[in-house]
Amino acid sequence: MKNPRLTLQGPNATFLPMQDETSGIGHGCLETGPLVSGPLVSGRRMAAMAMAAAGAAMLGGCISVNAPDKPIVIELNINIRQEVIYRLAEDAGNTIEENADIF
Amino acid sequence: MNTTVIRRAILGIAAGTLAIGGLATAAHAQRDPAYDAARSSGSVGEKMDGYLGIVGSESSELRRLVNDINIKRRAVYAQKAQAANATLEEYALTAGCLAIARTSPGEKYQAPDGTWQTRTSAPPMRDSRCPA
């Protein structure tokens, strides 16, 4: 009983990809879905996708960003690293002493 | 004997001129009275970026004084930064940290939030990256 069903369905499976190749990649997939199984399956798929999205949001998959209530302080030259400042500290100290007229 | 005396005299004169030269540079490296007055009155203050800023109302005279010092500072920073293989901004920020730390009580400085503060006997509020 199983064998005849498989042989009957075999040609269908090989036929659809051939159709895809003639009608174009990607576009064919959307067309063959409703043709074979009807709009009910696509409706289910939509529902499943919506469920998955809702599930992801509930599980914390989505990151919510809230505006801070405190004023944002813009750090001056954020890309300057502390170790650079520490390296230059002694040199800069000498410079200030050597140029005491402008400091 | 004579030659050694002459040599000693020449060395002495040389040492004397060096000492005078040292004194001359020490005398040169003092703040202009107008700048010193502006600092102690709090009309100018040390900014975080290593330059001088005007606190409160701006006059053309004050602007000229501040610009003059900042141009000189920038030239010094540029030269020293190149020698230390650092950027001008890095060197200036480091100098700003130190200049704020060296302010005297009553003088103005810029806090990390950008506001002008008056230096007290307590340590100034500085950028977290500033060296101790």
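In chain B of this predicted model, confidence is lowest in helix α1 (residues 2-28), with a mean pLDDT of 51, and highest in strand β3 (residues 108-110), at 98. Here pLDDT is the predictor's confidence in each residue, from 0 to 100; helices (H or I, at least four residues) and strands (E, at least two) are DSSP runs, numbered from the N terminus. Over residues 16-27 of chain B, pLDDT stays under 50, and the model has zero contacts there beyond four places in sequence. A contact requires C-beta atoms, placed from the backbone, within 7 Å. Chain B as a whole averages a pLDDT of 86, and 78% of its residues score at least 70.

For the complex, the predictor gives an ipTM of 0.77 and a pTM of 0.58. The contact between the chains takes 20 residues from chain A and 27 residues from chain B.

Helix α4 (residues 82-98) of chain A has 17 residues, which should span 24 Å at 1.5 Å a residue; the end C-alpha atoms are 24 Å apart, which agrees. The expected span is 1.5 Å times one less than the number of residues.

An α-helix has 3.6 residues a turn, so residues three or four places apart point the same way.

Note on methods
Residues numbered from 1 in each chain as written. Chains lettered and ligands numbered in written order. Predicted model: local features only at pLDDT ≥ 70, side-chain atom pairs only at ≥ 80, totals over all residues. Contact = placed C-beta atoms within 7 Å.
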